[in-house]
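Hi,

Here is the structure I promised to pass on. Have a look at it first, and my notes follow below.

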Amino acid sequence: MWKSVAANGMSFLIIVLIALAGAIAWGQREFRAAGPLEQATFFEVPRGATLRRVSEDLQEAGVVSSAVLFRLGAEYADMGSQLRFGNYEIPAGASMEEVLAIVTAGGPSRFRYTATYVLRLEGTGELRLRERVPGTEEIVALADFAYEDGVPAVYSDLVESGTPVVYRVAVPEGLTSWQIVEGLRAADFLSGEIAEVPPEGSLAPDTFEVRRGQDRQEILDRMQEAQAAILAEAWANRQDGLPLASPEEALILASIIEKETSVPEERGRVSSVFVNRLNRGMRLQTDPTVIYGITEGRGVLGRGLRQSELRAETPWNTYVIEGLPPTPIANPGRAAIEAAVNPDTTPFIFFVADGTGGHAFAETLEEHNRNVARWREIEAERAASGQ
């Protein structure tokens, strides 16, 4: 009798073990098999999320067929505690094994939606909403708008639904500190007050990734830290014999270069003109400094300069003062700062617009006057044609 019971028990145990082995083999096949996702998608692993929550979210999003099997596979692979916060792109047909590798690898987040807030001269900004098509590198423009013109539904719907959106603040070269501060104040996705406008020239133009709700002062602090590092590096690598006594003077000159030309290959030549003038004791005579003396960086002049303004005494009017103005007139970018401390070697002491977006440079006043005359002709032709 006992032999029969033992034999039956052994048979049952063998059956159970066979069934268990079969279940494990089936689970492994399912874990490695192609998943149900028909099109690539983006998936967020929230900060502090548990394996249970992530697995259930994956099943709800149609990324995996079974939350339970995904959890079991993660635990079996000893990766259940290795989830990494972020946004991930999941390819179509990804297996549970592949999905697990993606959400535990970390690395840069990939967002479906990006909102880039571009600051403008008027002290406002334009928000540019873009969508990355899942499974491709194609970027689709969804909306470009200024807040004062109204917020489109495609953007407000994303915000209200809590859809992950990566935000960036783009600061073009040549904006004043006032324009940057006013632009940040107009951004509804930021928070916090700005106590005072930072010193002119102290903010680095660049594109900064920010969080929705981030404090505005934190962003300004990042800009100041970046500009200080750029200026220190450039000053340490400056040319010998420059007529600049300090990094602060280099920043002032860089701001003038920034406002005088937007043509990258011209910066070194424009810098050489001002350095040559400083070395000869000549006044810089540059219009952007006159404009800054009128506006003090608050807004845009919006018209041409008058002769009376060119003769008016302000601390920044380089037609009147000797040498550099007392402060920068804008926030220059890295290239302008590097041009200020490493100018081209040229004989030029004059330049004027040439009608192409660049400038004509001259060594003598006679040559310069010819260039000016040609520029006046171009202006007259444009006025006559209504351009």
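**T289 and its surroundings**

The side chain of T289 makes a polar contact with the backbone oxygen of T286 at 2.6 Å. By polar contact I mean a pair of N or O atoms within 3.5 Å; within protein, one must be able to donate a hydrogen and the other to accept it, and residues adjacent in sequence count only if both atoms are side-chain atoms. The backbone oxygen of W316 is also reached by the side chain of T289, at 3.1 Å.

Before going on, a word on the model: it is predicted, with local features needing pLDDT of at least 70 and side-chain atom pairs counting only at pLDDT 80 or more, while totals for chains, interfaces and linings use all residues. Residues are numbered from 1 along each chain as its sequence is written, and side-chain values use heavy atoms, leaving out hydrogens and water.

T289 sits in helix 10 (residues 287-295); helices here are DSSP runs of H or I with at least four residues, strands are runs of E with at least two, and both are numbered from the N terminus. With a relative accessible area of 0%, T289 is buried (buried is under 20% relative accessible area, exposed over 50%, partly exposed in between, with a 1.4 Å probe and protein chains only). Leaving aside residues up to four places away in sequence, T289 touches I256, W316, N317, T318, P325 and I329, where contact means heavy atoms within 4.5 Å.

**R298**

Is R298 buried or exposed? R298 counts as exposed, at 54% relative accessibility. You will find R298 in the loop between helix 10 and helix 11 (307-311).

**Helices 8 and 9**

One of the T289 partners, I256, also takes part in a helix pair: L253, I256, I257, E258 and E260 in helix 8 meet R267, V270, S271, F274 and V275 in helix 9. Helix 8 (residues 247-260) and helix 9 (residues 267-280) pack at an angle of about 125°, with axes 10 Å apart. Axes are lines fitted to C-alpha atoms, for helices over the stretch in contact, and angles run from 0 to 180 degrees between N-to-C directions.

**Helix 6**

Why is helix 6 largely enclosed by the rest of the structure? Seven of the nine residues of helix 6 (residues 177-185) are buried, namely S177, W178, Q179, I180, V181, G183 and L184. These buried residues pack against strand 3 (113-119), strand 6 (165-170) and helix 7 (216-236).

Enjoy exploring!
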